[in-house]
Amino acid sequence: MQIRLISLASALCTATLIHPAEAAPKVTKKVTYYSVKATTIDGLRAEMAARGPKGYWGYSDWYVQWSGSCKLSVTISITLPKHARPDTMPADVRRKFDRMLGALRAHEEQHGQHAVLAAQEIESAGCRNGNAILKTYNDADVRFDRQTDHGRRQGVILR
């Protein structure tokens, strides 16, 4: 019995050495907002087109970096609209805006998830070919926007 316990303990120690727990990349996410005030669908669309980042209603930007010891960090910046006075919107407009905003947030969060996946893959590769891995996930962002029509197929619409 004692031999089995030692063997089991030895096996557990060996398994731990073979499969060490990987440290997750440090992820920092920042959400900033730009203000909109319109109370109609057409007004909201026009305001978001004019005030939104780079001509979009919402935008995500991410950055993955790693050290010589292969410690990774991810910075995700998301910009979204925020109504300055939501209580001034008619109820139907507010429901539509809130629904669109939820879809927009989910869409931008997916872009941020690409950064986390890139960092995890770079870490798994021991930080080899990091730039090629980043390109893969940058390309995934482009495909994602093309497939979803920049989120429109996911509900990022106001009608």
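# Notebook: helix pairs, sheet and loops

I looked up the H3 and H4 pair first: the two helices are roughly antiparallel to each other (angles over 145 degrees count as such, under 35 as roughly parallel, 65 to 115 as roughly perpendicular, the rest as oblique). I note that this is a predicted model, in which local features need pLDDT of at least 70, side-chain atom pairs count only at pLDDT 80 or more, and totals for chains, interfaces and linings use all residues. Residues are numbered from 1 along each chain as its sequence is written, and side-chain values use heavy atoms, with hydrogens and water left out.

**Entry 1, H3 and H4.** I read an angle of about 160 degrees between helix H3 (residues 91–124) and helix H4 (residues 130–148), with the axes 9 Å apart. Axes here are lines fitted to C-alpha atoms, for helices over the stretch in contact, and angles run from 0 to 180 degrees between N-to-C directions. Helices (H or I, at least four residues) and strands (E, at least two) are DSSP runs numbered from the N terminus. I listed the residues that meet (contact means heavy atoms within 4.5 Å). On the H3 side they include His107, His111, His114 and Leu117; on the H4 side they include Ile133, Tyr137, Phe144 and Thr148. By class, the contact has eight nonpolar, six polar and three charged residues. Ala, Val, Leu, Ile, Met, Phe, Trp, Tyr, Cys and Pro count as nonpolar, Asp, Glu, Lys and Arg as charged, and the others, Gly among them, as polar.

I checked Thr148, which is found in H4. Thr148 is buried, with a relative accessible area of 8% (buried is under 20%, exposed over 50%, partly exposed in between, with a 1.4 Å probe and protein chains only). Leaving aside neighbours within four places in sequence, I find Thr148 in contact with His107, Arg153 and Gln154.

**Entry 3, the sheet.** I traced an open sheet of three strands in the order E1-E3-E2, with mixed pairing (two strands pair if DSSP finds at least two bridges between them). Strand E1 (26–36) and strand E2 (59–66) are the edge strands, each pairing on one side only. E1 pairs with strand E3 (residues 72–83) in the parallel sense over 11 bridges. Within E3, Val74 stands opposite Val27, and Thr79 is the bridge partner of Thr32. E2 and E3 run antiparallel and are joined by eight bridges; there I found Trp62 partnered with Ile76 of E3. Nine of the 12 residues of E3 are buried, so E3 is largely enclosed by the rest of the structure. In the hairpin of E2 and E3, with five residues between the strands, Cys70 takes a positive phi near 65 degrees.

I find that the axes of helix H2 (residues 41–51) and H3 come within 10 Å and cross at roughly 35 degrees. Ile41, Leu44 and Met48 of H2 meet Val93, Lys96, Phe97 and Met100 of H3. I count six nonpolar, no polar and one charged residue in this contact.

Most residues other than glycine have a negative phi. I therefore noted the exceptions. Lys54, not a glycine, has a positive phi of about 55 degrees; I place Lys54 in the loop between H2 and E2, where Lys54 counts as exposed at 64% relative accessibility. Asn129 has a positive phi near 60 degrees and is found in the loop between H3 and H4. Asn129 also counts as exposed, at 60%.
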